[in-house]
Amino acid sequence: MSNSNNQSNDFGAFLAGFVIGGLVGAAVALILAPRSGSEIRSQLMERGEEFRTRAQEYGGEYISSTRSRIQEMGGDVKDRVRVVLDEGKKRATDLEERLTSANSGTDEEPADASS
């Protein structure tokens with residue numbers, strides 16, 4: 001659970017850094033660029049669109065990889081539960097057989113239930 005929170009925090013920190021870096025870069029471009037205001041605004045709009053597209057692509061990849069990891073973990077959990085259930089069924093069947101044998105009046109003693 002904490003791993004998932006870490007990954008969310010890492011993605012949030014990355015996204016915040018990405019946005020802040022974009023804003024700082026835009027400010028520096030405004031200060032240093034020898035262009036007219038309309039050229040600068042046009043260029044900033046283009047770069048803003050590029051940043052948005054990149055952020056959407058990265059976010060989509062992040063979501064996709066997270067989904068596949070969750071599915072893998074779900075499969076692992078299912079396998080582990082299946083093993084535990086199978087073992088429980090086996091022990092229940094063994095115990096039932098021992099109890100049936102003990103109740104039927106035979107001289108057999110039931111084996112240790114912990115084995």
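Glu87 and Arg91 are placed four residues apart in helix H2, about one turn of the helix. In this predicted model, Glu87 forms a salt bridge with Arg91, with 3.2 Å between the closest N and O atoms. Glu87 counts as partly exposed at 36% relative accessibility, and Arg91 counts as partly exposed at 45%.

| Salt bridge | Closest N and O atoms |
|---|---|
| Arg52 and Glu49 | 3.4 Å |
| Asp79 and Arg82 | 3.2 Å |
| Glu87 and Arg91 | 3.2 Å |

Arg52 and Glu49 are three residues apart in helix H2, so about one helical turn separates them. Arg52 is partly exposed, its relative accessible area being 48%; Glu49 is partly exposed at 39%. Asp79 and Arg82 also lie three residues apart in helix H2 and are therefore separated by about one helical turn. The relative accessible area is 42% for Asp79, which is partly exposed, and 47% for Arg82, which is partly exposed.

Helix H2 covers residues 37-103; at 1.5 Å a residue its 67 residues should span 99 Å, and this agrees with the 96 Å between its end C-alpha atoms. Within H2, Ile40, Gly59, Tyr62 and Arg98 are buried.

Helix H1 comprises residues 2-32 and contains Val24. At 48% relative accessibility, Val24 counts as partly exposed. Together with Ile20, Val28, Leu30, Ile31 and Leu32, Val24 makes a nonpolar surface patch of about 610 Å².

Over the whole chain there are two helices and zero strands. Of the 115 residues, 6% are buried. The accessible surface comes to about 9500 Å², and carbon and sulfur atoms account for 57% of this area.

Definitions and conventions:
Residues are numbered from 1 along each chain as its sequence is written. This is a predicted model: local features need pLDDT of at least 70, side-chain atom pairs count only at pLDDT 80 or more; totals for chains, interfaces and linings use all residues. Side-chain values use heavy atoms; hydrogens and water are left out. Buried means under 20% relative accessible area, exposed over 50%, partly exposed in between (1.4 Å probe, protein chains only). Accessible areas come from the Shrake-Rupley method with a 1.4 Å probe; for residues, only the protein chains shown count as cover. The expected span of a helix is 1.5 Å times one less than its number of residues. Patches are made of residues with over 30% relative accessible area and no salt bridge: like charges are joined within 9 Å, nonpolar side chains (Val, Leu, Ile, Met, Phe, Trp, Tyr) within 5 Å. A salt bridge is a side-chain nitrogen of Lys or Arg within 4 Å of a carboxyl oxygen of Asp or Glu.
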